[in-house]
Amino acid sequence: MTASLNTALEQPAKPVSRVALAFARLKKIPAAYVAFWVVCLICLMAILSAAGVPLSPYAFDQATDDLLVAPSMKHPMGTDELGRDLFARVIYGSRLSIAIGFVTAGVAFLLGTTYGAISGYCGGKIDTLLMRGVDIAYSLPDLLVMILIGVLVGKGTFGILFALGLVSWMGTARLVRAQLLQLKEEEFVEAAKAAGQDGFTIVMKHLLPNAMGPIIVALTFTVPSAILSESTLSFIGLGLSAPECSWGTLASDGWRSLRAHPHLLGFPSLFIFLTVLSFNALGDGLRDVLDPRTRLFKG
Amino acid sequence: MLALILKRLLTAVPVLLVVATLTFFLMRMVPGGPFDADKNLPPAIVANLNAKYQLDKPVAEQYVIYLTRLAKGDLGISYKYVNRTVLDILSEAMPVSLQLGSAALLLAVIIGVPLGTLAAVKRGTWLDVAAMFLSTAGISVPGFVTGAFLIFIFGIWLKILPVALWESPAHMILPALTLAFSPAAYLARLTRASVLEILEKDWVRTARSKGLSHWSTVMKHTLRNALVPVVTVLGPLTAILITGSFVVEYLYAIPGMGRFFVTAVTNRDYDLIMGTTLIFAALLIVTNAIVDVAYQILDPRMKVEG
Amino acid sequence: MSQSRFLKAAATVVFTAATLISTTGCSSTVDGYEPDTFRINLQAEPPSLDWQTSTDSTSFDVVSNLMTGLTQYNNDMKCEPGCAEKWEVLDGGKHFVFHLRKNARWTDGKPVTAHDFEYAWKRLLNPATAASYAFFLYDIENAYEYNSGKIKDAELVGVKALDDWTFSVKLKRPAAYFLYLTAFCSTCPLRKDIIDKYGDRWTEPQNIVTNGPFKITLWKHEYKIELSANPHFFEGPPRLKKIKMFMIPEQATAFGLFENNQLDYIDNRSFPTADVERFRSSPLYRSLPLLRCSYIGFNVKKKPFDDKRVRQAFSMAIDRTLFPKILRRGERPAYTWIPPALDGYSEESKSEFDPQAARKLLAEAGYPEGKGFPLTKVLYPQREDAKLVVESVQEQIKKNLNVKLQLEVNEWKVYLDILHRDPPQMFRQTWGADYPDPETFMNVFTTRNGNNYTRWSNSEFDDLVDKASAEQNQKKRAAMYAKGDKLLCQDEVPIIPIYWATQNTMVKPWVKEIGFNAMDLQFFRKVYIEKPN
């Protein structure tokens, strides 16, 4: 009946094999397993690209004879207004977009969860104070804050990650807080308290694991909205300076040509979609794998 | 419950004051001013403009002037739209956004929550997979693309709905759909995750194995608990939707207030920035207070202080 | 069952996408056409209909149809008689006397008199009005002094109503372009009694009184303005009964409405550039050169651009013919600052593309093959066309001079702020004519002009521009400007002109007599709608 009991029952003998076991369980969920490899592939691409491996040596080469050509053998995704190969640019653009995904999800997870957990577990005056803080942070005009960050912190990758991280955690904090307000009234928390466990242990061992479902959803949704927000940042001039590119800027540069040159919007959008889809499927799978209550097979 | 609401209203004043103060000084730290234009003006003219709008005084003094006026209920004037007050501008635009936002909110909830519940109950079936695809599209395709597609398909190609403008109820359909797509997707995924949590509780499993009729009564009781995360995101979501969306208003030429959250900042229209921010903050405080009240209806064990 | 339903849904999506791509062109039906009504897109809310405080083209597009000044433009950008039926130029170009027509009427039936002009011009100059375009009248005696608060008495300003029908203007010095200013919205007359009565609210449709071909009947903020024919207009009421001006910010949306016959006209601002290839061959498409030039500016006070050989090398290393291909709006490559349509344009002033000579000059300046060239930043605002231009410049400079440029984007107002305070080594800017005269272009790069972000100061150039603006002989004047242009583009090169903009529009076949002009001014007094068959 209680989570801790279940955990105890299914806990494998050797802790080393937990990762292996999780992986074995993941294998049994086909969607999540495929998603896992897709995510690995995308990350590998982004990391290699960021490390300077020229996966896309033509990302900045302008060919004045090949302006805006449709996808072909020579240019599998076509070219842009300056004759640059879109395939090369999409590959190159992955580095920033993937970094944004991880950083914002990371900040949302660490900062958002901690903040929300303190607020929800402590409750009362502390909760009120912390939540009014979230209200204030939420109310400040994003655009103004981001222009200012661009001016103070500077543009470029760091400025972008800083700005997006700064606005990504509030939603998660509110969700975690609500989950904890609800869960801390459950019987198993009383039991744990009676057994003399301290607040930290209770939150980490009993409360957060039971709130993982909504948290994972919130995180998988932070990723695409941050990837897309980055293109808004370049609209206010905080984003990347040309000729750098990301999936967000490629998509937002291309959308006006939707009817005449659909490839400019289509391919970057497809990559964002696939990445988010993989993260969603993987998130679902991970939740099942990590949550010991889940029985993967009926009967 | 009443006490909670009253207490919230009291704390609203200091919260709004903090928001006003932070916004005021942030806004003045940002480079560029309301009268910087493509064509640079002679210094004599800039001096005349600054004097007219009291921008020649020290910032701290301007802050005091602003707060004094605000205390009297005066939201100030627009620097961009000459001779229009912030109150004029917002009171004309707000009803439009309120209508569109409420419609979108309603759509998002009546699509998102049932879809999520269904996906959880029919977990692993094609319906669950389709729901995941749809909601992934909802969150990873930006609003301007969804909108452009809808306009093309229904407005230009099929010609069954208006392309844009704000004239009749029919004009509301495409913008409301565009606006609702992403929140509906989020609500669907969140509901699914939350319902799954409940479905996996042992006593629900037991009930489920005993037969469908028994199980449906259990569902009625547990779904309420499962709605806590959904209601949590509805708080800020409501405030965001009813204050309008820049993208949707821009795309469909709708005279709502969402545009001002962007244009007031890009125009450095100082009083209008303050006005939009304070209205949003006030709405957020109200909706989040309602959320906290709703918690106690959904799950009476939850304790929230005012 | 469920599987096939899913397949069907997928098929629909694919089919729709395919149609989306293949459907092109515009519908040829006439459903939706409205008799005697002209429906256009204004794109945005006009910030002000007070023609003295507004500064933007959106407001002027409305005001141009509501008001008539002393003179008015025709589509060749020449001044025709407006409220003034004739005028005399006395005292070697320093004194203008305008004789007003007696049948010019305000919308409330009162006659338009010289006193309305005197009041208006003094209000424009009054520091309390804080009008941005007050500097338009700075050529008038004591105008600058009054506007900047140096003198308090408005009576000293050189404008006077001699009687109801005679308006006298005295200038400090002759100004060859002065007449153009009398056709501009900012100098239109105003009614003292109306402004005194309604104060700040005088521009609301129920209060405003105007004297042009149309009057305003509805103003739904951020959405729509409606004008209707003014029966009192001195040329007789226009043939259009109504003009509906919508405020549709997104070009693609406006174009969708045009395709559905809900708009009759797509003007230059509403024109969807990204899709231009789809309808370049359409009979509805029109294209016309504009008096607007894009340029790359150097801050000549910053290294290494304090050396004019470096600036010359950069100018020669940029192939201007590429920009029209990239931007696709029919731009024309610019090799001079003065556009071909204006006096003073000369082939002699051209700065030609010559990468070989450019490399030689750069080597002479101490950077052979680009070696040791300092880090150079190029500032540009967040606009799609600006981005493409600087990206192309970056590539060409790298290819032709082996110099690496670093591009820096900024939000519009931050960009302007940087330009005003501390311009970087290079920046991308544009300039549009205020009046159809070379003076409006040349004046920009004089030492005293606030729009001269290059910090370039050349007394020979300043002298030429001063003398030319007072010169009454057109030939001599053109020669002076040509000389100045050569100084600007070939010898000193504080700027590299890149391209001249073009106006692209689409007009429904039932719209007749719509004119286009090089300053993209929108006036519709002659337009009418002919019933389609």
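How many helices and how many strands are there in chain A? I began with this question, keeping in mind that the model is predicted, and I counted 13 helices and zero strands in chain A. Reading along the sequence, I noted the pattern of chain A as α-α-α-α-α-α-α-α-α-α-α-α-α.

**Entry on chain A**

I then looked up burial, and found that 57% of the 299 residues of chain A count as buried. For the accessible surface of chain A I wrote down about 12,400 Å², with 70% of that surface belonging to carbon and sulfur atoms. Turning to contacts in chain A with a separation of 6 or more, I found that 67% of them are accounted for by residues 24 or more positions apart.

**Entry on C:Thr37**

Is C:Thr37 buried or exposed? I recorded C:Thr37 as buried, because its relative accessibility is 7% and the cut-off for buried is under 20%. Setting aside the neighbours within four places in sequence, I listed the residues in contact with C:Thr37 as C:Leu240, C:Lys242, C:Lys244, C:Asp264 and C:Ile529.

**Entry on the interface of chain B and chain C**

How many residues of chain B are in contact with chain C? I found 49 residues of chain B in contact with 59 residues of chain C. The size of an interface is often given as the accessible area lost when the parts come together, so I looked that value up as well. The area buried between chain B and chain C is about 4,700 Å², and carbon and sulfur atoms give 58% of it.

For the charged pairs, I noted that the rule finds four salt bridges across the interface of chain B and chain C. I also looked up a salt bridge in which the side chains of C:Glu222 and B:Arg259 meet, at 2.8 Å from N to O.

Which helices of chain B each supply at least two residues of the side that touches chain C? I listed α2 (43–52), α4 (86–121), α5 (126–140), α6 (143–157), α11 (246–252) and α12 (258–266) of chain B. The largest share of that side, seven residues, comes from α6(B). Sorting the side of chain B that touches chain C by class, I recorded 28 nonpolar, nine polar and 12 charged residues.

Methods
Residues numbered from 1 in each chain as written. Chains lettered and ligands numbered in written order. Predicted model: local features only at pLDDT ≥ 70, side-chain atom pairs only at ≥ 80, totals over all residues. Heavy atoms only, no water. Helix = DSSP H or I, 4+ residues; strand = E, 2+ residues; numbered from the N terminus. Buried < 20%, exposed > 50% of the residue type's maximum accessible area, 1.4 Å probe, protein only. Contact = heavy atoms within 4.5 Å. Areas by Shrake-Rupley, 256 points an atom, 1.4 Å probe, with all protein chains shown as cover. Buried area = accessible area lost by both parts, 1.4 Å probe. Nonpolar A, V, L, I, M, F, W, Y, C, P; charged D, E, K, R; others polar.
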